[in-house]
Amino acid sequence: MNLDRRLIDILCCPVTRQPLALLKAPQLKRLNAAIAAGQVRTAGGELLSGALDGALISADQKRIYPVLDGIPALLSDSAVAWDASLQDGKS
């Protein structure tokens with residue numbers, strides 16, 4: 001996934017207005033494993049079923065937003081709660 005750094009620098013979480021950053025590869029791998037296991041739902045209740053090429057995470061690391069076909073899905077219902085078990089150093 002390739003998002004322009006300038007775009008990432010101006011994006012913010014639509015809920016908290018915190019800056020967003022790219023989800024790191026190890027985090028994305030854990031997220032995609034949880035998606036494959038049927039354990040990930042968006043705030044809107046939609047079950048994610050396909051692996052993500054990328055995602056953005058809020059500065060407080062509580063919400064992630066999928067990047068679909070190179071476009072960040074920055075709607076509050078598209079957010080995924082970032083479960084503590086998926087964060088770095090925890091499994």
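Q: Which pattern does the protein follow along the sequence?
A: In this predicted model, the order of elements is α-β-α-β-β-β-β. That amounts to two helices and five strands.

Q: How are the strands joined, taking strand 2 and its pairing with strand 1 and strand 3?
A: Strand 1 (residues 20-22) pairs with strand 2 in the antiparallel sense over three bridges, and Leu-22 has Leu-56 as its bridge partner in strand 2. Strand 2 also pairs with strand 3 (residues 63-68), again antiparallel, over four bridges. The hairpin of strand 2 and strand 3 has four residues between the strands, and Gln-61 takes a positive phi near 60°.

Q: Why is strand 2 described as largely enclosed?
A: Buried means under 20% relative accessible area. Five of the five residues of strand 2 are buried, so the rest of the structure largely encloses this strand. Gly-54, Leu-56 and Ser-58 point one way and Ala-55 and Ile-57 the other, and all are buried. Across the protein, buried residues make up 36% of the 91 residues.

Q: Which residues have the most contacts inside the largest nonpolar core?
A: In soluble globular proteins, nonpolar side chains tend to be buried together. The largest nonpolar core has 13 residues, and those with the most contacts inside it are Leu-23, Leu-31, Ile-35, Val-40, Leu-52, Ile-64 and Trp-82. Helix 2 (25-36) and strand 2 (54-58) each supply at least two residues of this core; helix 2 gives the most, with four. Another core, of nine residues, lies apart from it and includes Cys-13, Leu-20, Val-67 and Ala-79.

Key:
Residues numbered from 1 in each chain as written. Predicted model: local features only at pLDDT ≥ 70, side-chain atom pairs only at ≥ 80, totals over all residues. Heavy atoms only, no water. Buried < 20%, exposed > 50% of the residue type's maximum accessible area, 1.4 Å probe, protein only. Core = buried A, V, L, I, M, F, W, Y, C linked by side-chain atoms within 4.5 Å. Pairing = 2+ DSSP bridges.
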